[in-house]
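Hi,

Here is the structure I promised to pass on. Have a look at it first, and my notes follow below.

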Amino acid sequence: MAPKLEIKGLNKTFARTVALHEVDLALAENEFVSLVGVSGCGKSTLLSIVAGLLDYDEGDILVDGAPMTGPGLDRGVVFQSYTLLPWLTARQNVEFALKAAGYKGAECRKIAAEHLALVRLTKFSDAYPHQLSGGMKQRVAIARALSYRPKVLLMDEPFGALDAMTRHEMQILLTRVWETHKLTVLFVTHDVEEAVYLSDRIVAMSINPGRIKTEFSVNLPRPRSAEIISSPDFIALQRRVLSTIREDFAIDEN
Amino acid sequence: MRASSMRQSKYRAAWRSLFTTGGAIGRPAFLTISGGVFAALFAIWYAVTASGLVQPLFLPAPGAIWLRLSSLSTAGTLWGDIEVSVYRVFAGFFIASAMAVPIGVMIGSYRFWEAALEPLADFIRYMPVVAFLPLTILWTGTGDIQKFLIIWIGTFFQQILMVMDNVKRVPPDFIGLGRTLGLSEFKLQMKIVIPSALPGIWDTLRITFGWAWTWLVVAELVAANSGLGYRITVSQRYFETDTTIGYILVLGVLGLLTDQVMKALERVLFPYAKGRS
């Protein structure tokens, strides 16, 4: 089957640094892939480019076989910063995206309600963002990005600003949503445990120049329970990924 | 015994909090302190005039000023002056703002307009407004138009730079979100950039409205035949210090009133912008 998202020979240079060098990556339909690496390895840059929010120098990006020409509704994005529009309620924020995608009144309301229920926020539908906790805001952002059915979901360290407990809850919630909903996801994180817990495949990136270093298949059973993180297989894989990333620290220090 | 000592330590903590960086203050305490400062100043004013320490020519007693303002009020002079000045300041400020907001949004959003207009506005804004007084009189005479023009010169160029700043503070990811939702340039402005910058723009308008008052009074002091500033000039000519000071106080009260109204409206219009101002 043709990949849902395909990145071929991607190069990106900022003033002096090579942010991305010859990056090739393909995501199969309904595959959950995490990009991990030290800060500055270009993982967020890669995601922004795929989202169409950043230019690149060379290469091809195909979404469902079609060349990507800019930002669009075929790719949903969940940002690390809170991007709920503060003058709209949780429900209106989801409807905002649905209206942009061309859905009409009653349909908007129905789909928004379904997706708020999916992230368990029905009770907070009419709350404004300043009345929601950080984790709730990101749940609404996920509901919003899923609501208009993009072909690929791009997540840029979406739980990076959350405390450890909330983060863990969000990972469980995202896994549950993904396992019932099935979607192609490209997920950027610097948290290896998070990557192992969520992903089908982990792509480790390396710095200077930013490039893909190694890939790891995550052959852990699904549905994944919260307890899986203490299983020997989980810990072994986590160690392997970590040591790969740590090599970059060693290079930095020399 | 125990309860009273606990109450005592509570008071001590509240008192200490008033002098701690970023400390808290209750509304009653705030009102007591701010009201106390007004009362203290008033008491000093009363004392120095009642004791004859300062001559009425330099500083009349509060009572004398009150009497003068009431007689000007019954005669209709005060209300006529307020009406003329309020009309001028609102009209001038409206013209300046109606031009500055769209232009500021353009400069804040589009690099072309920033390059074209931002350095120019920066340059003009450093020219002293008072230096334009003779020119504006030469160009437009001493009527209302000249007052509008002075208010416009004094506020417009500051406003566009402040609105530009308000727009630049829109989080980049809000704009990124709009783009990933496929919004057109126009919709991105109307549905994300402007609503997001609006509380800040409102704040800019509130602050610059105070400046508009200042420039109006300056213009009226120099050349006018009506208005609050005009009355101040005339009173000074006849050494009617009570009128001069009374009118200055009226200007202060008018400024405070508009500021409070705009702040109250801000809470109604942008209830979500909590903890911003």
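The crossing of α7(B) and α9(B) is right-handed (the near helix is turned clockwise from the far one by less than a right angle). This is a predicted model, in which local features need pLDDT of at least 70, side-chain atom pairs count only at pLDDT 80 or more, and totals for chains, interfaces and linings use all residues. Residues are numbered from 1 along each chain as its sequence is written, with chains lettered from A and ligands numbered from 1 in the order in which they are written.

Back to that pair: α7 covers residues 144–168 and α9 residues 185–222 of chain B, and their axes come within 8 Å, crossing at roughly 155°. Axes here are lines fitted to C-alpha atoms, for helices over the stretch in contact, with angles from 0 to 180 degrees between N-to-C directions; helices are DSSP runs (H or I, at least four residues; strands are E, at least two), numbered from the N terminus. So α7(B) is roughly antiparallel to α9(B) (an angle over 145 degrees).

Among the residues making the contact are Gly154(B) of α7(B) and Gly200(B) and Trp211(B) of α9(B) (contact: C-beta atoms, placed from the backbone, within 7 Å).

Then there's α11(B), residues 241–269: its 29 residues reach 42 Å from first C-alpha to last, close to the 42 Å expected (1.5 Å times one less than the number of residues). Its buried residues include Asp242(B) and Tyr247(B) (20 or more other C-beta atoms within 10 Å of their own, C-beta atoms being placed from the backbone). Their cover includes α3 (62–75) and α10 (228–237) of chain B.

Cheers

Technical notes:
Angles under 35 degrees count as roughly parallel, over 145 as roughly antiparallel, 65 to 115 as roughly perpendicular and the rest as oblique. Two residues are in contact if their C-beta atoms, placed from the backbone, lie within 7 Å. A residue is buried if 20 or more other C-beta atoms lie within 10 Å of its own, exposed if 12 or fewer, and partly exposed in between; C-beta atoms are placed from the backbone.
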